[in-house]
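Please read them with the structure open.

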Amino acid sequence: MELLKFAAIDIGSNAVRLLINNIIDNKEKPYFQKASLVRLPIRLGADVFENGKISDNNIQRLTDTMQAYQLLMQTHGVTDYRAFATSAMREAENGKKVVRHIKEKTGIELQIIDGMLEAELLFATRVTKQLDASKSYLYVDVGGGSTEFTLFSGGKSTASRSFKIGTIRLLNNQVSDKKWDGLKDWLSDIKPKKKAPTIIGTGGNVNKISKIINGKKQQFVSNRQLKDLYKELSTLDMEERMRRYSMRPDRADVIVPAARIFTTVMAVTDAKELFVPKVGLSDGMIRWMYRNK
């Protein structure tokens with residue numbers, strides 16, 4: 001038996017996460033155990049989607065965060081890590097400059113990844129192993145700057161796409177009707193003809209939606225339950241959402257556009273159920289690192 005400690009840093013458009021996992025590797029069936037999860041709402045997308053670059057203030061905040069994460073990894077005795085940046089850093093005109101700055105100040109090497117690799121890493125969470133391989137599933141990961149889609153049919157990935165439709169963009173009214181139409185057209189083209197797929201939803205917002213509807217019990221949310229909650233949340237102001245559902249400020253504003261994306265996807269694909277496995281990009285990064293160890 002071998003004990004490994006891997007860390008994944010996910011630099012998203014809304015938040016920056018550090019996940020540290022213990023992995024008991026017995027060469028037959030590895031056991032993954034979460035040791036620490038830290039999340040900070042830096043909101044790089046608020047800069048990038050409005051001004052095209054990351055502000056000096058957020059560069060400093062990100063640098064401070066990476067220094068803290070480096071110390072946490074050192075304290076935990078992490079043996080290997082990866083730090084991936086997604087939509088906001090992809091589009092920032094000073095993204096590569098920020099990567100160099102972080103390396104110089106903290107020693108952490110950031111890698112800016114494209115939407116296709118992001119979808120592949122989400123697939124690495126292997127949640128599809130929990131499901132019936134004879135059915136079709138559409139994997140949907142809603143982020144601040146983009147939403148990643150992967151269609152599984154017969155247990156295999158048959159289509160994948162990344163769209164620049166995310167919660168931060170929607171909050172800032174930066175998603176045009178043309179982009180919505182492009183998403184709907186693609187979904188109509190790839191959806192199974194015989195039977196509607198089950199949607200697999202990942203990301204912090206859909207995890208919160210599932211918790212509001214089901215508590216800690218079920219992982220499935222019906223189309224009706226989602227639409228009813230979306231309607232209710234849309235009528236509440238941010239302060240009331242925070243009080244009624246114990247939300248942080250950085251969750252209370254983005255949960256409504258996230259619910260809008262999921263309700264749209266379910267409407268276009270005729271999906272009746274949303275499966276919420278409560279995993280994310282950082283979980284996929286850990287498994288991807290183990291698989292390539």
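Predicted model: local features only at pLDDT ≥ 70, side-chain atom pairs only at ≥ 80, totals over all residues.

Which residue in the turn between strand 7 and strand 8 has a positive phi? Glycine 154 does, at about 65°.

Residues are numbered from 1 along each chain as its sequence is written, and side-chain values use heavy atoms, with hydrogens and water left out.

1. Strand 7 covers residues 147–153, and strand 8 covers residues 156–163. Helices (H or I, at least four residues) and strands (E, at least two) are DSSP runs, numbered from the N terminus. The two strands pair in the antiparallel sense over 7 bridges. Pairing requires that DSSP finds at least two bridges between the strands. Phenylalanine 149 stands opposite arginine 161 in strand 8. The hairpin has 2 residues between its strands.

2. The other side of strand 7. Strand 6 (residues 136–142) also runs antiparallel to strand 7, and 7 bridges join them. Valine 142 stands opposite threonine 147.

3. Burial of strand 7. Is this strand largely enclosed or open? It is largely enclosed by the rest of the structure, because 6 of its 7 residues are buried. Buried means under 20% relative accessible area, exposed means over 50%, and partly exposed lies in between (1.4 Å probe, protein chains only). In a regular strand the side chains alternate between the two faces of the sheet.

4. Arginine 43. This residue sits in the loop between strand 3 and helix 1. Most residues other than glycine have a negative phi. Arginine 43 is buried, with a relative accessible area of 17%. Please check its backbone in the view.

5. A salt bridge across the sequence. The side chains of arginine 43 and aspartate 253 meet at 2.7 Å, N to O. A salt bridge here is a side-chain nitrogen of Lys or Arg within 4 Å of a carboxyl oxygen of Asp or Glu. Aspartate 253 lies in the loop between helix 11 (249–252) and helix 12 (255–269), so the pair ties together parts that are 210 residues apart in sequence. Aspartate 253 counts as buried, at 15% relative accessibility.

6. Other salt bridges. How many does the structure hold? It holds 13. One of them joins arginine 17 to aspartate 10 (3.6 Å, N to O). Arginine 17 is partly exposed at 21%, whereas aspartate 10 is buried at 6%. Arginine 82 and aspartate 80 meet in another, at 3.1 Å, N to O. Arginine 82 is partly exposed at 31%, and aspartate 80 is partly exposed at 29%. Salt bridges that share partners also link Glu232, Glu239, Glu240, Arg243 and Arg244 into one network.

7. Aspartate 270 has a phi of about 65°, although it is not a glycine. Its place is the loop between helix 12 and strand 11 (273–275). Aspartate 270 counts as partly exposed, at 40% relative accessibility.

8. The positive patch. Lys53, Lys96, Lys97 and Arg100 gather in a patch of positive charge on the surface. Patches are made of residues with over 30% relative accessible area and no salt bridge: like charges are joined within 9 Å, nonpolar side chains (Val, Leu, Ile, Met, Phe, Trp, Tyr) within 5 Å. Lysine 97 lies in helix 4 (residues 95–106). At 58% relative accessibility, lysine 97 counts as exposed.

9. The nonpolar patch. Met1, Leu3, Ile24 and Tyr31 form it on the surface, with about 470 Å² of accessible area together. Accessible areas come from the Shrake-Rupley method with a 1.4 Å probe; for residues, only the protein chains shown count as cover. Methionine 1 belongs to the segment before strand 1 (2–11). Methionine 1 is exposed, at 83% relative accessibility.

10. Arginine 90. This residue lies in helix 3 (residues 87–91). Arginine 90 is partly exposed, with a relative accessible area of 27%. Its C-alpha atom is separated by 14 Å from that of asparagine 51, which is 39 residues apart along the chain.

Methods. Lys, Arg positive; Asp, Glu negative; His and termini not counted. Charge placed at Lys NZ, Arg CZ, Asp CG, Glu CD.
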